[in-house]
Amino acid sequence: MDDLGALIAPQIPRLRRYARALTGERGRADDLVQDTLERALGRFHLWRRGSDLRAWLFTIMHNLFVNQVRTADPLADGADLDTVTVAARGGPADVTDLLDLDAALRRLPDEHREVLLLVGLEQLSHQEAAAVLGVPLGTVMSRLSRARERLRRLMAGEPAPSVSLRVVK
Amino acid sequence: MSPIPVTEADLHAFLDGALPEARRGDVEAYLAAHPDEAARLAAYRQQIEGLRARFDTVLEEPVPERLAQVVQLPPRRPALLRVAAVSGWLVVGAAAGWLARGVEAPSPPRTVQIARDAALAHAVYVPEVRHPVEVAADQEEHLVAWLSKRLGGEVRAPQLTAQGFHLVGGRLLPGDAGPAAQFMYQDNSGRRLTLYVRTAATENQETAFRFTQEGGVRVFYWVDGPFGYALTGEIEREPLLRAANAVYAQFNP
């Protein structure tokens, strides 16, 4: 068990950083990290030696996070991004004040926040992010594009875009 | 202007350092010609810097005790107890082997020999794609009857499906003092385990798990009644130990 722990332990700070940015709360973030570590150790035989351990841990964390969000809010299950977008536009997110980074991140749909953080904060490649999130590369690119533009507008105090961004390949 | 239009994906690839060298000049030219787009990209770059400035401090925080504990201890208590029990065996086995050293001939003890022979047979047959076994698992009854006859005692192919491995088949091999049997198992990702079985010296009836490792090849080996066993694989020690426990349990219900 020592060698498994020794492999995973150095990854904890980065898992905590991602979880903190993802959830916005220290306690909830560390709960998510703890769940991730426990599941990783329990399923360590599923990790292919030589493959990227960090990406594998992020994948586990992503799955746990998605499940938690679904459990916490049954309505989120099955609600596609367009529905969420419409709701956010008419709701309290549609403020014209400048938001700080924390507050602006909270206003992003989970899917947007995840891809933004995996690529921007954790420096995963677009392909790695696609593997972690279990979506095609094209989906990562379109989410990344929308997430960055949405965050920019939130922080600049501009209203959400009324027309969709240019189509991504 | 660039011959190929610059897409939104190109801009993000440029920002994230993922754009091929040859395409970079096109994007730079596009941004020079479109100051509004350049400003948008600059804002995205600031987001990345802002994220790092805001959250990199988490990397410097001491890891909370509850998280450090997770990676120091196995998550489930029964697993811990099992590991502890076998670790005890390993210590006893190692001590017994060391004590026996002075008494026995300088050649390695037979129980160590089985691990070497098993690891060798594993290394020879596991990479085989077309002929990994002589008799395939679909003729398991025949396989078991044949190997039992040759080894002079009832040999069975244990089930390792709970550990994710299914029987591929088996083959007869020369052992150091007569025939030996090799059963091969494989999981869904193609990883293989082999169980090497041969007759034990009659004076040696002990039952102890021992572990050895040669490069990435790990072996748990033990003597149980009339046979010596060695379970070999290039998987982590913990899952291999679970499989060895399963084999042992099936021969000692």
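How many residues does the contact take from chain A and from chain B? In this predicted model, chain A supplies 45 residues and chain B supplies 41 residues.

**The interface between chain A and chain B**

Let's start with the area. The size of an interface is often given as the accessible area lost when the parts come together. Here the area buried between chain A and chain B is about 4,000 Å², and carbon and sulfur atoms give 61% of it.

The rule finds seven salt bridges between the two chains, one of which is formed by the side chains of B:Asp16 and A:Arg148, at 2.8 Å from N to O.

Which helices of chain A each supply at least two residues of the side that touches chain B? They are H1 (2–8), H2 (12–23), H3 (26–42), H6 (101–106), H7 (110–121) and H9 (137–156) of chain A. H3(A) gives the most to this side, with 10 residues. By residue type, the side of chain A that touches chain B divides into 21 nonpolar, nine polar and 15 charged residues.

**Strands of chain B**

Now we can turn to the strands of chain B. Strand S2 of chain B covers residues 166–175, and it takes part in both of the pairings listed here.

| Strand pair | Bridges | Direction | Example of facing residues |
|---|---|---|---|
| S1(B) (residues 135–136) and S2(B) | two bridges | antiparallel | B:Ala136 and B:Gly169 |
| S2(B) and S3(B) (residues 178–186) | nine bridges | antiparallel | B:Pro174 and B:Pro179 |

The link from S2(B) to S3(B) is a hairpin, made through two residues. Is S2(B) mostly covered or mostly open? Mostly covered: seven of its 10 residues are buried.

**A loop residue in chain A**

One residue of chain A deserves a separate look. A:Gln123 is found in the loop between H7 and helix H8 (126–133) of chain A. Its phi is near 60 degrees, a positive value in a residue other than glycine. Why does A:Gln123 count as partly exposed? A:Gln123 has a relative accessibility of 46%, and partly exposed covers the range between buried, under 20%, and exposed, over 50%. A:Gln123 therefore counts as partly exposed at 46%.

Conventions
Residues numbered from 1 in each chain as written. Chains lettered and ligands numbered in written order. Predicted model: local features only at pLDDT ≥ 70, side-chain atom pairs only at ≥ 80, totals over all residues. Heavy atoms only, no water. Contact = heavy atoms within 4.5 Å. Buried area = accessible area lost by both parts, 1.4 Å probe. Salt bridge = Lys/Arg side-chain N within 4 Å of Asp/Glu carboxyl O. Helix = DSSP H or I, 4+ residues; strand = E, 2+ residues; numbered from the N terminus. Nonpolar A, V, L, I, M, F, W, Y, C, P; charged D, E, K, R; others polar. Buried < 20%, exposed > 50% of the residue type's maximum accessible area, 1.4 Å probe, protein only. Pairing = 2+ DSSP bridges.
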